[in-house]
Amino acid sequence: MAAARDFSGYRWNYPALRWPGDAGLAVSFVLNVEEGAEFALSAGDARNESQHEVKHEVVGAPDLCMESQFEYGARVGYWRITRHLMDAGIGLTLNACARALEATPWIATDAAEQGFEVCCHGWRWESHAGMEEGHERALIARCVESIRRLHGRAPVGWHTKSSASVNTRRLLVEQGGFLYDSDAYSDDLPYYVRVAGQPHLVLPYAFDTNDMRFFDSYAYVRGSDFADYAIDAFDALLAESRTAPRMLSIGLHTRIIGRPGRIEGLRQLTRHIAQRGGAWCATREQIARHWLANVPPPEDAA
């Protein structure tokens, strides 16, 4: 059974929190690593993924076009994006599907060497909505062990593609070791929910400040389209953060913003953030740990 929906939120009654460095705004850059976890007949899946640079599904045969589109993210996009963010001194969370890291173990090794957080993005790039409970429980355990082996650390965060199941949070708490999940899009700040009789932290994610919009409805065409929108979001939240804490998630994909015609949009955004100041760019684990240490759960979530 799904938990009761919460339409109330903070109702402008925000905790008196400042982020490290007396920042009012925490910015989370999340790089999705999904290459090798997409649906593909060649990987033994029942169908091929249908959305990449074009929307087209090949039925009944391996889709070599789609597969090579995803391969670009691992071969080129990952390096182009991560080297820029490293040069900019920005902490990075990899939203990684475990099956993707199994296909590209050097990414897990590089992430460990560079100090990137690996948040689990499921085993395969798929929604968990409607997934059978026993299967999902086993899948979560498999993901944790895979990432622990490849990255050297078990994940402390979880984010399902699209919709989680009604059981996902309870199963994460049951598994243990998770500080947070990002299976929500409902706020500009972390918040607690009650799961299995204990408080559980949610770090909301965002689809609007996300390069997926180059593919989804083609709302972004040029790199500057992504930069302009994300900069507007940053400036709005930075202004609000003078009186209350705020958090901004920037969603990236290796095969999307990693293309040469789009990467300048990311560079424009990071330059703007550096020039404006007043923000703390951190991994989601760092954000979660700061929140857990400084904001106790309300009584109804404790």
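Author: Let's start with pockets: a pocket is an open set of grid points with protein on both sides within 12 Å along at least five of seven lines, and its volume is the space filled by probe spheres set on the points. Keep in mind that this is a predicted model. The second largest pocket in it has a volume of about 360 Å³.

Reader: Which residues lie closest to the centre of the second largest pocket?

Author: They are Trp-125, Lys-161, Phe-207, Met-212 and His-253, out of 20 residues that line the second largest pocket. That lining divides into seven nonpolar, eight polar and five charged residues.

Reader: What volume does the largest pocket have, and which residues lie nearest its centre?

Author: The largest pocket has a volume of about 1400 Å³. Its lining has 39 residues, and Ala-4, Asp-6, Arg-169, Tyr-191 and Val-193 lie nearest the centre. Helix H5 (168–175) and strand S6 (191–195) are the elements that give two or more residues to this lining, and S6 has the largest share, with five. By type, the lining of the largest pocket has 22 nonpolar, eight polar and nine charged residues.

Reader: What makes a space a cavity instead of a pocket?

Author: In a cavity, a 1.4 Å probe fits but cannot get out, whereas a pocket is open. A search of the whole structure finds one cavity of 30 Å³ or more, and about 40 Å³ of space lies in the largest cavity. Among the residues lining the largest cavity are Glu-117, His-151, Pro-155 and Glu-285. Strand S3 (117–120) and helix H4 (133–151) each supply at least two residues of that lining.

Reader: How do you know whether Thr-168 is buried or exposed?

Author: Compare its value with the cut-off: buried means under 20% relative accessible area. Thr-168 has 1%, so Thr-168 is buried. Thr-168 is found in helix H5, and beyond its neighbours within four places in sequence, Thr-168 is in contact with His-128, Glu-136, Ile-140, Trp-158, Thr-160 and Asp-183. The C-alpha atoms of Thr-168 and Trp-158 are separated by 9.6 Å.

Reader: What makes the phi of Trp-12 worth a remark?

Author: Most residues other than glycine have a negative phi. Trp-12 is not a glycine, yet its phi is positive, about 70 degrees. Asp-22 has a positive phi as well, near 60 degrees.

Reader: Which residues does Ile-250 touch?

Author: Leaving out residues up to four places away in sequence, Ile-250 touches Val-27, Ser-28, Phe-29, Val-30, Thr-209, Phe-226, Ala-230 and Leu-269.

Methods: Residues numbered from 1 in each chain as written. Predicted model: local features only at pLDDT ≥ 70, side-chain atom pairs only at ≥ 80, totals over all residues. Heavy atoms only, no water. Contact = heavy atoms within 4.5 Å. 1 Å grid on protein atoms, 1.4 Å probe; cavity = no way out; pocket = protein on both sides within 12 Å on 5 of 7 lines; lining within 4 Å. Helix = DSSP H or I, 4+ residues; strand = E, 2+ residues; numbered from the N terminus. Nonpolar A, V, L, I, M, F, W, Y, C, P; charged D, E, K, R; others polar. Buried < 20%, exposed > 50% of the residue type's maximum accessible area, 1.4 Å probe, protein only.
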